[in-house]
Amino acid sequence: MKAAQKLTPISYKTDIFVEWCPGCGDFGILAALRAALADLNLPPNKVAMFTGIGCSGRIAHYMKLYGIHVLHGRPLPFAIGAKLANPELTVLAVSGDGDGLGIGAGHFVNAGRRNVDVTYLLFDNRVYGLTKGQASPTLPLNVKTKALPKPNINDAVNPIALAITSGFTFAARGYAFQINYLKELIVKAIEHRGLSLVQILQPCPTYNDIHTKDWYEAGRIYRLEDEGYDPVVRDPAERDSKKVEAILRSMEDDRIPIGVFYKDETTPPYDERIRARIPSYPERPPAAQEIAGEDGLPVVDLNALLQRYRVR
Amino acid sequence: MPLNTISWRIGGAQGTGVDAGATMFARACAFAGYHIYGEREFHSNIKGLHSYVTITVGVERVRSSREDVHLLASYDAETVASHSWAVRNGGGIIYDPRIVGEKIDSIPTMNERLKEEVLGRLRERGYEATIEGALEEASDRGVKTIPVPYLDLLKKAAEKSEGVKLSNLMVASNVVALTASAAVLRLDKSHVLRSIEEQFGAKRRVLEFNKLVVETVYNPVSEKYGGVIGIELQDQETREERYLLPGYISAALGKLAGGCRFQAYYPITPAQDECFFLESQETFKLNDGGDGSIIVIQSEDEISAIGMALGAALTGTRAATATSGPGFSLMTEMLGWAGMSEVPIVITLYQRGGPSTGLPTRHEQGDLLFALFGGHGEFPRIVLSSGDVEEAFYDAVLAQNLAERYQLPVIHLLDKAIANMLSTLPAPDLEKLRIERGIYEEDGGEYRRYRITGSGISPLSTLGGGEIFWATGNEHDEYGHITEDPVLRERMMEKRMRKLELASKEIPSDIKVKRYGGGRIGIVSWGSTKGPILDAMEELGERGLELSFLQVKLIRPFPKEEVKEFARSVERLIFVEQNYSGQLAKLASMEAGVSADHLILKFNGRPFSYQELVRDISQVLEKNVRRLVSSRRWEV
């Protein structure tokens, strides 16, 4: 990979057959993601992507970069570990709505507390596709999508509000078939210093017969900036009011706002917190440390560590 | 050297400095040139319930606890009531005369079963059901009862000191107890002072006061009671460089030595001590004067802990986690991912009493088969077990080498006994340590992360440090892309599992097992039973019964040949384990077709003493007992 080469969306394409259903929103997301990485001119060997289980998880194999397809609900812990060990990487985590907010909800909330510089893409079609259409944590109460025997008995979580209250410092929402706009959101999320969420609304043409492409595109969606909405926290003192504003916006359900809800770079990301404790961290993060000399002997000064315990 | 050891025990309510008192006493003895073996028993409780520490002191290396106590140091009623029975005839009990009137029945924290037993004994022998009664009982069988007026002595020390709050005096009870003990045992006062200095070094005021306490207590006790139990801990001449540390620190130092630079964990007893220690050492010096560091991160659960460690491991960082049974249960899905995706990772598994929450602060070896089989499907893993504090250090390095060489999860089995065992060790042989990195891709050719090779090992790449690759928990092709092809599935399973055959060939026999002794009666065991077994062997040897002992260190791949050969070389096989079902015996039968003649099992949450094993081994042989469930006399 020559660094000077200008990257294009095709640079991130693998020749693996994309096995999503025709009309799946994932196609739009895949196109937007490839375009976003090309816009940022990120070499594939500087980007690690961790995906969960479900249709969304397959995207790791369709992207030419480090594509690590992990377990159901667990992309965030992997992504955090990789980013802290090798901060030079651009790290992406991908979950479906079930992956990220059902089985992985504990990681979602706790990731917010750390604000590691990772971009989290949440593919949200409100159903579990690969297991034939169960309700996901983002399907509203009493909605009956076609595979459900009875209307949904659970209420929905609001990913944007949850992210903001958990400590994510960037929260945005996109729509899978506004590809160029989604690309811009992903670019902003990757450029953000800290943990960023992009919730991506998408139809599931096979199992969600309520929130269809037509439904989304019947004039419901509007862009936050078109109404003069300003998501940026410029001073720590305005964090709370900006959060409240963002949460209120995220709760609108007659109309669907997309765009950046919240952006705060006044909260230190985790790497800065580490640096305050480990001054050598930026130059010598874990992945960059030599652990053995040429003779294979450990480089650690063990005598110094042992001194405290010496009794004779 | 069991016969040449003495046992000192301190007890008290948790939060009153029992543990610190024991560490200071142990260190003082070590300064005087003695070897130490310390065993901690405590409740899953922060403050108030009973805890105690037994320090066994010897001229030569001590490997286990004695169950008979030479000197009991107490400052509360429960310690006297619970432990006076364990004090040998001719031994001593240090007590606070203010508590002699206390009724045993009204000690609120004492467990009912033990209380009934103690009261029954006192009744039977005609003593009052009070501390005074218990002390009289001891005294009548030759135990020296040594009153130490804690509060008066502390007040006296406070008079000489400035700014000591009278309300807070009793926190120094542990220092009174250990000073009085040193005086009785004629352990030189200078060692006590030095030990106290190390303990409180940073806190000047506390240090000064405690030094005054030592000065106030030592001489009067020494004058009146010095040597009364016939034991004098005079300075031992030794030129050996020696260290005193608990198992969890030894394991943590081994991790650092072996190159671990990332550890994620969720707090759980008894694994958290290692993690806390590593965090306290997150920056350290390198031999060339440079700065090294480790990231220690406290995760939201154990699933996340191992997930973060795996994420770090994918970057080529040596990464690990530490946990105990409940946490390991949560980790098993990830363990399968690590096996499937061939990511090197070390899980330090500190076993404790299970199942479920079980006995969270007590000892057990109940997770052998779980460490071996936990997780769905079949994937290669290495399971390595350490027998003591010293092994924990070297094995922590070895575990990391094996994980990287064979690209799989390595479970390093330790347990609560080793975690909290305090042990004197010779200087570690640092020249012996070797870090062996795995096989990495070399430039040239199209990179396939899971290239099918004869050895099963496919050259590694790392996130950000080599060619791009894909990894997945799904079955995959050589590139790491998903496949459900039956032919490829078979080849990939074979490839992964081949690594274990290679490991079995490559790992030297003397790492897989350790053989001790040459007798015709064979003991087989694993983990922290090592010390009591070796000490029991020594004592039985002196009585004319020669034993052999095979310590199985590598659990997977199982050392079939070594175990078979051992079984052939002896007439009887006794498996000694701290679990209910004899898990290693089951495994040996399954893997090597070797069957146990006798099982000595213990699962009451307390480690074996060597004396207990001497009795148990004699009993199974003499009475031909197939399965013996062991317990000590007066176990608390």
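Which residues point one way from β12(B), and which the other way? In this predicted model, B:Arg318, B:Ala320 and B:Ala322 go to one side of the strand, while B:Ala319, B:Thr321 and B:Thr323 go to the other, and all of them are buried. Side chains in a regular strand alternate between the two faces of the sheet. Here both sets end up covered: β12 of chain B spans residues 318-323, and six of its six residues are buried.

The neighbours of this strand come next. Strand β8 of chain B, residues 260-265, runs parallel to β12(B) and is joined to it by three bridges. On that side, B:Cys260 sits opposite B:Arg318. Strand β13 of chain B, residues 345-351, also pairs with β12(B) in the parallel sense, this time over four bridges. There, B:Thr323 has B:Leu349 of β13(B) as its bridge partner.

Most residues other than glycine have a negative phi, and most peptide bonds are trans. B:Glu342 is also buried, because its relative accessible area is 0%. A second residue with a positive phi is B:Asn624, at about 50°, although it is not a glycine. B:Asn624 belongs to the loop between α21 (610-622) and β24 (627-629) of chain B. At 52% relative accessibility B:Asn624 counts as exposed, whereas B:Glu342 is buried.

Chain B has some cis peptide bonds to look at too. One of them runs from B:Gly354 to B:Pro355, with omega near -5°, and B:Pro355 falls in the loop between β13 and α13 (368-373) of chain B. Another joins B:Arg556 and B:Pro557, where omega is about -5°. B:Pro557 is in the loop between β21 (554-556) and α19 (560-569) of chain B.

Leaving aside neighbours within four places in sequence, B:Thr216 is in contact with B:Leu153, B:Lys156, B:Ala157 and B:Lys160.

B:Thr130, by contrast, is in a loop, the one between α3 (112-125) and α4 (131-140) of chain B. With a relative accessible area of 13%, B:Thr130 still falls under the 20% limit and so is buried. Not counting residues up to four places away in sequence, B:Thr130 touches B:Val100, B:Gly101, B:Glu102, B:Lys103, B:Ile104 and B:Leu122.

B:Thr23 is in helix α1 of chain B, residues 18-31. Beyond its neighbours within four places in sequence, B:Thr23 is in contact with B:Gln199 and B:Leu422. B:Gln199 is 176 residues away along the chain, yet the C-alpha atoms of B:Thr23 and B:Gln199 are separated by 8.7 Å.

Now for the interface with chain A. The size of an interface is often given as the accessible area lost when the parts come together. For chain A and chain B the buried area is about 6,000 Å², 62% of it on carbon and sulfur atoms. On the chain A side, A:Ile291, A:Val311 and A:Arg312 lose the most area to chain B, together 13% of what that side buries. Counted by residue, 61 from chain A are in contact with 80 from chain B.

As for polar links, 33 residue pairs are in polar contact across the interface. The elements giving two or more residues to the chain A side include β1 (47-51), β2 (66-69) and α10 (270-277), but the largest share, seven residues, comes from α3(A). The chain A residues that touch chain B divide into 35 nonpolar, 14 polar and 12 charged. Salt bridges between the two chains number four. One of them links B:Glu241 with A:Arg310, the closest N and O atoms being 4.0 Å apart.

Strand pairing crosses the boundary too. β2(A) pairs in the parallel sense with β17 of chain B, residues 470-472, over three bridges. Within that pairing, A:His69 stands opposite B:Thr472.

Definitions and conventions
Residues are numbered from 1 along each chain as its sequence is written. Chains are lettered from A and ligands numbered from 1 in the order in which they are written. This is a predicted model: local features need pLDDT of at least 70, side-chain atom pairs count only at pLDDT 80 or more; totals for chains, interfaces and linings use all residues. Side-chain values use heavy atoms; hydrogens and water are left out. Contact means heavy atoms within 4.5 Å. Buried area is the accessible area (1.4 Å probe) that two parts lose on being put together, summed over both. A salt bridge is a side-chain nitrogen of Lys or Arg within 4 Å of a carboxyl oxygen of Asp or Glu. A polar contact is a pair of N or O atoms within 3.5 Å; within protein, one must be able to donate a hydrogen and the other to accept it, and residues adjacent in sequence count only if both atoms are side-chain atoms. Ala, Val, Leu, Ile, Met, Phe, Trp, Tyr, Cys and Pro count as nonpolar, Asp, Glu, Lys and Arg as charged, and the others, Gly among them, as polar. Two strands pair if DSSP finds at least two bridges between them. Buried means under 20% relative accessible area, exposed over 50%, partly exposed in between (1.4 Å probe, protein chains only).
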